[in-house]
Amino acid sequence: MVSKDDLVKVRDCVYEIPTDTRKDMRVPARVYLDDESIQNISDGTLEQVANVAALEGIQKRSIGLPDIHFGYGFPIGGVAAFGENGGVISPGGVGFDINCGVRLLKTNLTKDDIKPYMKDLVDELFKKVPSGLGSNGIKHLKEKEIDDVLKNGARWAVENGYGWEEDLEFMEENGCMDTADPDKVSTKAKRRGIPQLGSLGSGNHFLEIQTIGEIYDEDVAKQYGVQKDQVVVLIHTGSRGCGYQICADSLREMDKTAKRLKMDIPDRQLACAPIDSDEAQNYLKAMAAGANYAWTNRQMIQHWVRESFENVIGEDAESLGMNLLYDVAHNIIKKEKHKIGKNNKTVYVHRKGATRAFGPGREEIPEEYRSVGQPVIIPGTMGTASYLLSGTETAMNETFGSTAHGAGRILSRSGAKREFTPDEVSQKLASEGILLKANSKPVIAEEAPKAYKNIDDVIDVLDKTGLSNPVAQMKPLGVIKG
DNA sequence: ATGTGC
C-alpha cells in the first residue's frame, strides 16, 4: 500500500513516491500537484500511479498530472512510457474513449460582433450537431464505408465534403494514424460506430462558443493567430461507442493474455501484453482505427459548426476566418522518440487524460507553430474558462512531452447529482450570461462546474512547474451539451 | 466516457 506519507517533495508542486516504497515498483511515481490537491488526493489514486510504475518496461517514471483522478486501472491524468524492447501495451492506459480530444476553431469575429447572433447560433448548432447519449449522426454510412473511416481518419471526412484540405495540417498525426487496421476492429465495434459518426455524445463532451480573455504570451498568441476578444469555437468529443467497444474487446483479450503469460500485474484492470505480442499489436492497430474515427468525428462536427455560422451570420466560413487552430488527442498511445538519460529511445507513450505538449523544434508540430512549441488546448468545465498553452522543453525532459487535459473531476457523477440540481446550475450559468442548451437535465447536474477542480489551479501548476506555457484564456459564451 | 451494472 502507498499513501500520502510516502510522498517526497522534489520541488514546488512536484512530489514523488520513491521506487523503494513498494518492492514491485520499477521506477518512481511522480505527481504534479498544488499543496491543496496533494492534501486531497485519495490513497487509491496514488496507489494507481504506483501500480503503473510496477509494469514491465516502464521508462523513467510513472506520471500524474495536476488533473489526476481515479480511473480504470490507470489514473486519469496519467502518462507512462514503455520501451520498445521489453515494454507492455495496456488498453487501460488509454481508456474507453479512444482519442477523446479537443479542437479549437478560430474566427475573425469579436465578442461584440457575435452578440446579436448568439441565441440563433446556439440554437442552430444544437440543431445541426447531433448530441446526447446514444445519439446518431446525420450521415448514413454504408456498411463498407466504416473501414475507409477507420483507415483514413480526417482525410476521409475532407474527401467527402467535410471541411478543408488545410485542416489536416493542424491535427496531431494530420488526423490519421497510418498504423490503423480496420480488420482488427470487431464487427460489434463497427456496428456501433456506423450510425454514430458525426455526433457529440454525452458526459463531459461539449461544443462551446468562447471569446479570448486574457493573453499571457503575446508572441505565441500571435503565432497561433489569436487575440483578445476574438471568438473561437471549442469542440470536445471522441470515438463514441466505436472506441468504447474497441477498448472493451481488447481488455478482455489482454486479461486472458496476462493470465496465460502469468504476468505479474498489481491490478487486474492494468491488463496488458508485451509490445511484440500479437495481442498488443492487434490492439495498437485497432486503437489507431478508433483514433481515426474520433478525428473524423471532430472533423464532421467542425464542418457543421462552419455551416451554422454561415447560416446565421450570412457570410461564408472562409471570410469569417474559421480556420482550425489545432486538434489534440487526450487518450491515446503514440510511438515517439524521447531522450532518456543520455540516449534517444523509442517508447510507446500512454496518455490517458493527458495532452501531448511537445516543445519548440519537434518535427511533429506544424511548421507554422514549430518555433514556439505545440498548441495545447485544455478545456475547463461548462461555465468556466478553458486555456490555450504551448509545449515546453521542461515537458520534454520530465513528462515525455505531456501535460494536463482538463479540470479533473472531484465529485463523482452521482455525487454531483446529490449536490446540485440541474436548474440551479442552469440559472448560475444564465446569470453569468452564458447560454446553455443541453439534451439531458441530469447531465447538467453531473457536469456542474463545482463537480470539478478549479481549472485555474491546474493551469497554475503547469505554469509553475514549467510543464506548459500559458498563452491565452478562453471564456464561454454559449455551450451545447450532450 | 458508454445501449446495460453487479
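**Aromatic rings, charges and strands**

Guide: Phe170, Tyr224, Tyr326 and Tyr369 form one aromatic cluster. This is a predicted model: local features need pLDDT of at least 70, side-chain atom pairs count only at pLDDT 80 or more, and totals for chains, interfaces and linings use all residues. Residues are numbered from 1 along each chain as its sequence is written, and side-chain values use heavy atoms, without hydrogens and water.

Visitor: Why is the pair of Tyr216 and Tyr387 called stacked?

Guide: Rings of Phe, Tyr and Trp (its six-membered ring) pair if their centres lie within 6.5 Å; planes under 30 degrees apart count as stacked, over 60 as edge-to-face and the rest as tilted. A search of the whole structure finds eight aromatic pairs. Here the centres are 6.4 Å apart and the planes at 25°, so Tyr216 and Tyr387 are stacked. Tyr216 and Tyr387 are 171 residues apart in the chain.

Visitor: What makes Tyr387 buried?

Guide: Buried means under 20% relative accessible area, exposed over 50%, partly exposed in between (1.4 Å probe, protein chains only). Tyr387 has 4%, so Tyr387 is buried. Tyr216 has 36%, so Tyr216 counts as partly exposed.

Visitor: How do you know that the charged end of Arg306 sits over the ring of Trp164?

Guide: The test asks for NZ of Lys or CZ of Arg within 6 Å of the ring centre and within 35 degrees of the ring normal. The charged end of Arg306 is 3.5 Å from the centre of the Trp164 ring. Lys60 lies over the face of Phe400, at 5.8 Å from the ring centre.

Definitions and conventions
Chains lettered and ligands numbered in written order. Helix = DSSP H or I, 4+ residues; strand = E, 2+ residues; numbered from the N terminus.
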